[in-house]
Amino acid sequence: MSRKDGVIYCNRCGRKICLEEERDKTSFLTVRKVWGYFSENKDGKIYSVELCEPCCDEMVQGFAIAPKIEENTELV
């Protein structure tokens, strides 16, 4: 689990990313997948993962097909 005692940790490297209340002021990747019918063996399971920015970069570098990256001109 990547959240423990109000702290968010990177699932890959285990590094502390931030406190839960700081999540809107910190950059990290959150992936949540609800598996439904037709999965190999995950029907009814929910996966949640948080990755720090360096681990996200390393993961993306290993992709056979690069992700689509767009520029966001309205940063909040």
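I started with the sheet: three strands, open, in the order 1-2-3, with antiparallel pairing. I have to keep in mind that this is a predicted model.

Next I checked which strands sit at the edges. They are strand 1 (3-4) and strand 3 (16-19), and each of these pairs on one side only.

Then I looked at how strand 2 meets strand 3. Strand 2 covers residues 7-9, runs antiparallel to strand 3 and is joined to it by three bridges. I picked out I8 and found its bridge partner in strand 3 to be C18.

On to the aromatics. My tally came to one aromatic pair. It is W35 with Y47: the ring centres are 6.0 Å apart and the planes stand at 75°, which is over 60 degrees, so I logged the pair as edge-to-face.

Where do W35 and Y47 sit in the chain? I found W35 in the loop between strand 4 (28-34) and strand 5 (46-52), and Y47 in strand 5. They are twelve residues apart, so the pair links distant parts of the chain.

Last entry: charges around W35. K33 lies over the face of W35, 5.2 Å from the ring centre. I also found the charged end of K42 over the ring of W35, at 5.1 Å from its centre.

Notes:
Residues are numbered from 1 along each chain as its sequence is written. This is a predicted model: local features need pLDDT of at least 70, side-chain atom pairs count only at pLDDT 80 or more; totals for chains, interfaces and linings use all residues. Side-chain values use heavy atoms; hydrogens and water are left out. Two strands pair if DSSP finds at least two bridges between them. Helices (H or I, at least four residues) and strands (E, at least two) are DSSP runs, numbered from the N terminus. Rings of Phe, Tyr and Trp (its six-membered ring) pair if their centres lie within 6.5 Å; planes under 30 degrees apart count as stacked, over 60 as edge-to-face and the rest as tilted. A charge sits over a ring if NZ of Lys or CZ of Arg is within 6 Å of the ring centre and within 35 degrees of the ring normal.
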